[in-house]
Amino acid sequence: MARSVQITFDCADPAALAAFWAEALSYQVQAPPGDFESWEEALEAMGVPPENRNDASAVVDPEGAGPRLFFQRVPEHKQVKNRVHLDVRAAPGLEGDERMAALEAEAVRLGSHGATRLDRHEPAPPLAGGHIVMADPEGNEFCLD
């Protein structure tokens with residue numbers, strides 16, 4: 001039996017980063033527990049002080065197929081390049097100019113949500129289809145692939 005995974009991001013602003021990745025992956029912020037209408041209501045009922053209510057957030061695949069992404073607040077800022085990164089499959093089945101145009105369009109869309117474009121790698125057939133390196137609003141690198 002395969003195991004499921006959760007991908008965890010250390011960050012400064014869990015709510016904002018969760019919102020970005022929900023947009024990037026067509027995920028949704030995880031619903032609050034029980035019958036609570038909002039996370040604010042749930043955290044209030046749990047006795048979480050206001051200054052700790054943005055200590056964590058999570059996003060989930062609405063279809064239940066993809067991994068949960070968990071965002072936890074840490075005191076330190078990102079220091080170096082990621083050792084692991086996400087590849088966002090933004091142009092499945094496309095090749096050449098059509099593929100790169102789709103990746104460019106997605107780079108622009110995610111840029112409007114706070115991402116930063118870092119580099120573009122041109123297609124190099126037969127093995128490399130080309131990709132765009134981006135950073136999320138807190139500087140975590142990912143690729144549009």
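Predicted model: local features only at pLDDT ≥ 70, side-chain atom pairs only at ≥ 80, totals over all residues.
## Pockets and salt bridges at a glance

Strand S1 (6-11) is the top contributor to the lining of the largest pocket, giving five residues.

**The largest pocket**

- Lining this pocket are 22 residues, and the closest to its centre are Phe9, Asp10, Lys78, Asn82 and Asn140.
- Besides S1, strand S8 (141-144) also supplies at least two residues of the lining.
- By class, the lining has 10 nonpolar, six polar and six charged residues.
- The pocket lies between domain 1 (6-73) and domain 2 (86-144), because both domains give residues to its lining.

**The second largest pocket**

- Here 16 residues form the lining, with Trp39, Leu43, Arg53, Ala56 and Ser57 nearest the centre.
- Three elements each supply at least two lining residues: helix H2 (39-45), strand S3 (56-60) and strand S4 (68-73).
- The lining divides into eight nonpolar, four polar and four charged residues.

**Salt bridges around Arg53**

- Arg53, one of the residues nearest the centre of the second largest pocket, forms a salt bridge with Glu40, and their closest N and O atoms are 2.5 Å apart.
- This pair links distant parts of the chain, as Arg53 sits in the loop between H2 and S3 while Glu40 belongs to helix H2, 13 residues apart.
- Arg53 has a relative accessible area of 16%, so it counts as buried, whereas Glu40, at 45%, is partly exposed.
- Glu44 also forms a salt bridge with Arg53, with 2.6 Å between the closest N and O atoms.

**The Lys78 and Glu141 pair**

- Lys78, among the residues closest to the centre of the largest pocket, forms a salt bridge with Glu141, the closest N and O atoms being 3.3 Å apart.
- The two residues are 63 residues apart and link distant parts of the chain: Lys78 lies in the loop between S4 and strand S5 (86-88), and Glu141 lies in strand S8.
- Glu141 is buried, because its relative accessible area of 16% falls under 20%.
- Lys78 is partly exposed, with 34% relative accessibility.

**Salt bridges overall**

- The count for the model comes to 11 salt bridges.
- Glu104, Arg117, Arg120 and Glu122 are linked in a network of salt bridges.

Conventions:
Residues numbered from 1 in each chain as written. Heavy atoms only, no water. 1 Å grid on protein atoms, 1.4 Å probe; cavity = no way out; pocket = protein on both sides within 12 Å on 5 of 7 lines; lining within 4 Å. Helix = DSSP H or I, 4+ residues; strand = E, 2+ residues; numbered from the N terminus. Nonpolar A, V, L, I, M, F, W, Y, C, P; charged D, E, K, R; others polar. Domains from an automatic or database assignment. Salt bridge = Lys/Arg side-chain N within 4 Å of Asp/Glu carboxyl O. Buried < 20%, exposed > 50% of the residue type's maximum accessible area, 1.4 Å probe, protein only.
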